[in-house]
Amino acid sequence: MQLAKLLAKENITIQEGNYKTAWFDIKNRVLGLPMWKDMGKDVKDLLIGHEVGHALETPYEGWHDSPEKLEGCPRSYINVIEDARIERKVKTRYPGLVGPFSRGYKKLTDEGFFGDDILDTDWNEVKLIDKINLKAKIGNLIDIPFSDEEIVFYNRAMSTNEFSEVLDLVRDILAYTKENQSELLQPKEIPMDDQQESEGDQNDDPTSNGHDDLESDNQENTDENMSNTNGDGAETTEEDEQSEEAVAAPEPTHSEADVSVTDEIFRSSEKNLLDVDENGRQPLVCRDIPKSLRELAVVDYKDLSKAREARFERIKSFEESYYDEAIDAYNKARYETYPKYIKDVKKNIQFAVKEFEQRKAATQWQKASVSKTGNLDVNKLWSYKTNDDIFLRTTRLADSKNHGMIMIVDYSGSMSSSIKYVLDQVIHTVMFCKAVNIPFEVYAFTSTNTSFNWEMYKDGDVELDDISMPLLTSSSLKKKDFEESLQNLHMRIELDGWTSGNFIAKAEDWGSTPLNQALIIAHDICKKFKAKNNVEKLNLITFTDGDSNHLRVISDKKMKDMKFESDDYYYSNDGFKILIDGKAIKSETRRLITAKLLQNLSDTYGINTIGFFMADNNHMWNSKLGDICWAENKIWEDWRAEARKEYTKNKCVTVEGYNGYNTYYLVKGNKNLDTDADEFDVNEDATKGQIGTAFKKYSKSKKLNKVLMTKFGAAVA
């Protein structure tokens with residue numbers, strides 16, 4: 001779709017979807033493309049270039065499936081001459097398409113899109129319109145003979161500029177054919193039943209919009225008000241509906257004087273281009289999230305800070321004594337306990353810093369190279385008679401990669417009991433990044449964004465579940481803002497959920513778990529972050545306590561005649577495609593979406609993905625162990641015993657390569673995440689043995705409580 005994006009500069013919006021054929025909304029300048037199967041880059045560039053050519057040049061009545069009747073002009077004749085006109089123009093406008101068009105048509109010819117055994121054609125049995133069609137599209141592959149009279153028509157076809165010239169030429173070609181090739185005429189008759197059905201379809205008024213839930217058995221409307229409103233929220237009139245009608249699939253209901261055989265064969269073969277299963281169905285397509293929606297989802301730190309200040313000022317205006325107590329607790333957390341806390345953090349991160357530096361240094365030495373300098377080594381001169389190697393050598397260490405870190409933290413309501421421990425780890429991770437000079441950004445994700453409304457969505461858009469991704473802290477913040485960001489994170493650690501809720505912005509309030517939506521948006525965040533910070537090795541870390549919300553896609557019911565059958569049962573079992581930067585990410589089930597998105601992040605941007613699963617209770621813990629057991633094809637009894645042993649030793653369980661993550665940590669989201677070690681406390685009259693026992697206990701607790709930071713330092717090095 002990169003080609004489509006380049007061509008879209010012509011004031012055309014291009015979107016792929018579950019469409020039976022290409023269509024164009026003339027009023028809104030939207031070109032819809034069906035999901036084609038992979039027949040190679042040349043064929044796809046040909047198909048996209050062809051449809052963009054139509055969008056740029058062809059009027060409504062000139063599209064392949066337009067229901068408009070043009071007197072004396074068979075529709076398939078118009079298709080042939082109009083194709084020749086728009087393809088010539090789009091190749092002139094974009095010379096880079098010349099090669100793909102030529103190679104693409106060769107492949108389609110080999111696949112029988114213009115008929116079988118075309119090289120053995122008896123040209124005396126081929127009408128003029130078909131000769132023109134073949135010559136215009138694949139003339140470089142075969143020698144197509146034209147009489148002196150016929151070549152005039154071909155030259156006219158290759159020089160038409162306006163659509164009116166196309167119609168004039170079509171009438172002239174039909175007249176010539178009736179006079180000279182009447183025995184080859186094949187009138188196209190539309191059966192009466194089809195006529196009635198087509199007329200009935202045209203009288204329908206499908207104006208409602210909805211969404212398809214990928215795991216629901218029932219299809220719901222996204223919003224009752226959407227069914228009779230246009231994009232501005234105003235009531236849709238009959239005139240609006242007619243003007244917004246896309247050039248679509250209803251067939252002409254009139255008899256035609258003749259047809260182009262090669263055009264009819266090509267149109268009937270087009271279904272073989274579609275990415276469908278053996279039942280002729282497609283996976284549900286979720287189009288690329290528009291920039292406008294991505295920008296609404298991400299909340300900049302300045303905006304977040306202003307919203308916090310406004311909330312705080314509002315709280316201060318209340319006269320109830322409770323709010324005075326809450327403000328006192330808030331100030332104590334930020335200005336009294338925070339300085340001591342951050343001092344301890346700087347001590348605690350030394351484990352991870354040490355591990356990181358050791359790993360980085362080891363990697364450099366493993367890739368070090370030794371070379372001769374060209375200077376003599378005086379200490380080896382004595383052996384010049386027996387040793388050729390008497391030159392000084394130098395060791396060049398491999399350059400270490402520029403690291404980067406992006407964290408996204410689940411702010412769903414179920415995280416409220418473990419969030420203090422999670423944010424404690426986040427702050428330690430942030431300070432670790434500061435210590436080793438790694439650029440970083442930390443985002444929350446929740447579902448409390450009030451900026452979204454249904455009018456913003458269009459057909460094929462992923463429904464974003466009111467996702468809010470506030471930037472909690474970043475290495476790019478100014479010193480004052482960075483300190484303030486850590487103070488606010490610490491405040492949420494120190495205060496209980498009810499009290500801290502008085503001082504947070506709506507964008508960071510408790511919500512649901514739109515993890516998949518966050519990962520889709522994270523593609524754009526990661527791309528910009530890497531470019532901004534010149535990062536070579538980027539680590540993406542998620543902190544969450546469960547699976548993502550369902551993923552749904554908006555469906556415009558006005559386009560139902562253009563789309564494939566859409567029942568949720570089918571989509572649940574046959575999967576769907578999410579388009580990100582023009583790349584289709586296919587997933588068979590909802591549970592696999594997260595893994596597919598993470599894998600695409602890793603493949604596209606070279607990201608190391610790390611996941612922390614926070615279990616609040618034994619049920620959640622055992623449930624996640626069961627998921628891993630099933631996914632990794634483990635034996636349950638053996639796996640549970642192995643996990644219990646590792647957790648006892650390290651206070652976490654580490655799994656490599658699970659659910660799309662390079663490294664996945666299972667942690668009980670409680671005091672086991674606490675970074676505070678036991679105090680080294682012994683009585684004054686303690687014996688040497690008692691002191692030794694107390695020291696071992698202190699050292700062990702310190703080691704266990706820092707294990708995540710140590711593992712983390714190793715994982716990101």
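1. Accessibility classes come up throughout this note: buried means under 20% relative accessible area, exposed means over 50%, and partly exposed is in between. By that scale R93, at 37% relative accessibility, counts as partly exposed. The model discussed here is a predicted one.

2. Overall make-up. The protein chain holds 24 helices and 19 strands. Of its 717 residues, 51% count as buried. Taking contacts between residues at least 6 apart in sequence, 74% join residues at least 24 apart.

3. Salt bridges, and the pair R93 and E57. The count of salt bridges comes to 30. One of them joins the side chains of R93 and E57, with 3.0 Å from N to O. R93 belongs to helix α3 (residues 75-93) and E57 to helix α2 (residues 41-57), so the pair links distant parts of the chain, 36 residues apart. E57 is partly exposed, because its relative accessibility is 22%, and R93 is partly exposed at 37%.

4. The pair D83 and R267. Their side chains meet in a salt bridge at 3.0 Å, N to O. This pair also links distant parts of the chain: D83 is in helix α3 and R267 in helix α10 (residues 261-269), 184 residues apart. Is D83 buried or exposed? D83 counts as buried, because its relative accessibility is 2%.

5. K528 forms a salt bridge with D524, and the closest N and O atoms are 3.2 Å apart. Both residues lie in helix α18 (residues 515-533), four residues apart, which is about one turn of the helix. An α-helix has 3.6 residues a turn, so residues three or four places apart point the same way. D524 has a relative accessible area of 14% and is therefore buried.

6. Aromatic residues. The count of aromatic pairs comes to 20. Among them is the pair of W454 and Y457, which is tilted, with 5.5 Å centre to centre and 45 degrees between the planes. Y457 is buried, because its relative accessible area is 6%. Elsewhere, F101, Y105, F113, F114 and F266 form one aromatic cluster.

7. Charges over rings. Which ring has the charged end of K434 over it? The ring is that of F482, and the charged end of K434 sits 4.5 Å from its centre. In another case, the charged end of R492 sits over the ring of Y411, 4.3 Å from the ring centre.

8. Helix α6 (residues 148-157). The buried residues here are E150, F153, Y154 and A157. They cover an arc of only 100 degrees around the axis, so they are on the same side of α6. The face turned away from that buried side carries the exposed residues D148 and E149. What do the buried residues of α6 pack against? They pack against α3, α5 (128-138) and α7 (163-180).

9. R287. This residue is found in the loop between β5 (284-286) and α11 (291-297). R287 is buried, because its relative accessible area is 11%, a value under the 20% cut-off. The side chain of R287 makes a polar contact with the side chain of D461, at 2.7 Å. Leaving aside neighbours within four places in sequence, R287 is in contact with Q15, E16, K458, D459, G460, D461, V462 and L579.

10. Positive phi at D466. Phi of D466 is near 50 degrees, which is a positive value in a residue other than glycine. D466 lies in the loop between β11 (462-463) and β12 (469-474). D466 counts as partly exposed, because its relative accessibility is 33%.

11. Positive phi at N659. Here phi is near 55 degrees, again a positive value in a residue other than glycine. N659 lies in the loop between β18 (653-656) and β19 (663-668). With a relative accessible area of 23%, N659 is partly exposed.

How values were computed
Residues numbered from 1 in each chain as written. Predicted model: local features only at pLDDT ≥ 70, side-chain atom pairs only at ≥ 80, totals over all residues. Heavy atoms only, no water. Salt bridge = Lys/Arg side-chain N within 4 Å of Asp/Glu carboxyl O. Helix = DSSP H or I, 4+ residues; strand = E, 2+ residues; numbered from the N terminus. Buried < 20%, exposed > 50% of the residue type's maximum accessible area, 1.4 Å probe, protein only. Phe/Tyr/Trp six-rings, centres within 6.5 Å; stacked < 30°, edge-to-face > 60°. Lys NZ or Arg CZ within 6 Å of the ring centre and 35° of its normal. Arc of directions from axis to C-beta. Contact = heavy atoms within 4.5 Å. Polar contact = N/O pair within 3.5 Å; in protein donor to acceptor, adjacent residues only side chain to side chain.
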